[in-house]
Amino acid sequence: MKAVVLDTDDHYRVAELDEPAPGPGQVAIRVAYAGIQWGDTMVRDGHFAVPRPFVPGFEASGHIAAVGEGVDASRVGEPVTALTTAGAYAEVALAPAVLTLGIGDMPLRTAAGLGWGAPTAYDLINTAAQVRPGESVLIHAAAGGVGTLAAQFARLAGANRIVGVVGNDDRADYAAQFGYDQLLLRETFPTELGDEKIDVILDPVGGLTRHAGLEQLAAHGRLVAYGNLSTYEPVLADTNDLLMHGKSLVTYNSNLLSQTHPERLADSARRALGLVADGQVRVDITAEYDLTDLATAVQRLAEGATHGKTILRVA
């Protein structure tokens, strides 16, 4: 089979490899499309220690080609979307059966756009932040795959004001189509909000942005940290100050959840998939690349030159 390999020299190359066989609790998927996500930049840049050479790719859509021990054999042939630990940038990929979801008649291309972003955005709004009707929500990286979905989930949860933060005017114009009430440029946050306090803030940025967000929270507000796009330097919070104002600093880690409670992540992915399937939420795929162009796709993501969701065409 053809697969993209991240080699010891940090370069991607297309290679011919043997097809993998599913182990207990796994399925083998004949991949049609694979989603590209921030984890790809972290693996490429060495933030995740993985042995090289390595077949990257963490989300795929396609048809189940084979099942391992303990998996219902009737699933062979089922069209699915799956979350993987590696290997999605190949013609055949392995995935945990519990994180491989049937998609019915949803197009495989659309299903590839769900990936880790859909359950992450769903959980940020509904599980971690527990957005209540009438609350305000501020979303950093508002034009990205998670941000565009989170805005839609926030509206469904009853948020009455949704503010997005983006890097430039072009990204603001793009994000505007996903239901934001106001869009701020990163350089104007939090100054442009003035005295307004926010009930829920979703923060994948970290650093000074996280400090500013904690200050901007309303009484009983929740800041959900789910990444460190700007810096890995620790952010220290005064728990006594948080307590006095009823504020909460919450974290969310979908990768860890997939290891400790995969059924919870699968449930959120299933709920998100259902909302996309019935048209209440839209996944916007803005770029599609071939296997040979993966390096370009990942670099554009790392540079912040993309918005929405980028996918790789495999089949």
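**Figure 1. His220 in strand 12 of the predicted model.** His220 is found in strand 12, which spans residues 217–225. The structure shown here and in the other views is a predicted model. Phi of His220 is near 70°, a positive value in a residue that is not glycine. Most residues other than glycine have a negative phi.

**Figure 2. Gln130, after helix 3.** Gln130 follows helix 3 and has a positive phi, near 50°. Gln130 is placed in the loop between helix 3 and strand 8 (136–140). With a relative accessible area of 47%, Gln130 is partly exposed.

**Figure 3. Burial of helix 3.** Helix 3 covers residues 117–128. The buried residues of this helix are Gly117, Ala118, Pro119, Thr120, Ala121, Tyr122, Asp123, Leu124, Ile125 and Ala128. Buried here means under 20% relative accessible area.

**Figure 4. The cavity beside helix 3, strand 5 and helix 9.** A search of the whole structure finds one cavity of 30 Å³ or more. The volume of the largest cavity is about 90 Å³. Strand 5 (79–83), helix 3 (117–128) and helix 9 (262–277) each supply at least two residues of its lining. The lining consists of Thr81, Ala82, Leu83, Leu99, Leu101, Leu114, Gly115, Ala118, Pro119, Ala269, Ala272 and Leu273. Sorted by class, these are 10 nonpolar and two polar residues, with no charged residue. Ala118 and Pro119, both in this lining, are also among the buried residues of helix 3.

**Figure 5. The cis peptide bond between Arg52 and Pro53.** Arg52 and Pro53 are joined by a cis peptide bond with omega of about -5°. Pro53 lies in the loop that connects helix 1 (38–44) and strand 4 (59–67). Most peptide bonds are trans.

**Figure 6. The cis peptide bond between Phe189 and Pro190.** A cis peptide bond links Phe189 to Pro190, and its omega is about 0°. Pro190 is located in the loop between strand 10 (182–185) and strand 11 (198–203).

Definitions and conventions. Residues numbered from 1 in each chain as written. Predicted model: local features only at pLDDT ≥ 70, side-chain atom pairs only at ≥ 80, totals over all residues. Heavy atoms only, no water. 1 Å grid on protein atoms, 1.4 Å probe; cavity = no way out; pocket = protein on both sides within 12 Å on 5 of 7 lines; lining within 4 Å. Points joined across faces, edges and corners; volume = space filled by probe spheres on them. Helix = DSSP H or I, 4+ residues; strand = E, 2+ residues; numbered from the N terminus. Nonpolar A, V, L, I, M, F, W, Y, C, P; charged D, E, K, R; others polar. Buried < 20%, exposed > 50% of the residue type's maximum accessible area, 1.4 Å probe, protein only.
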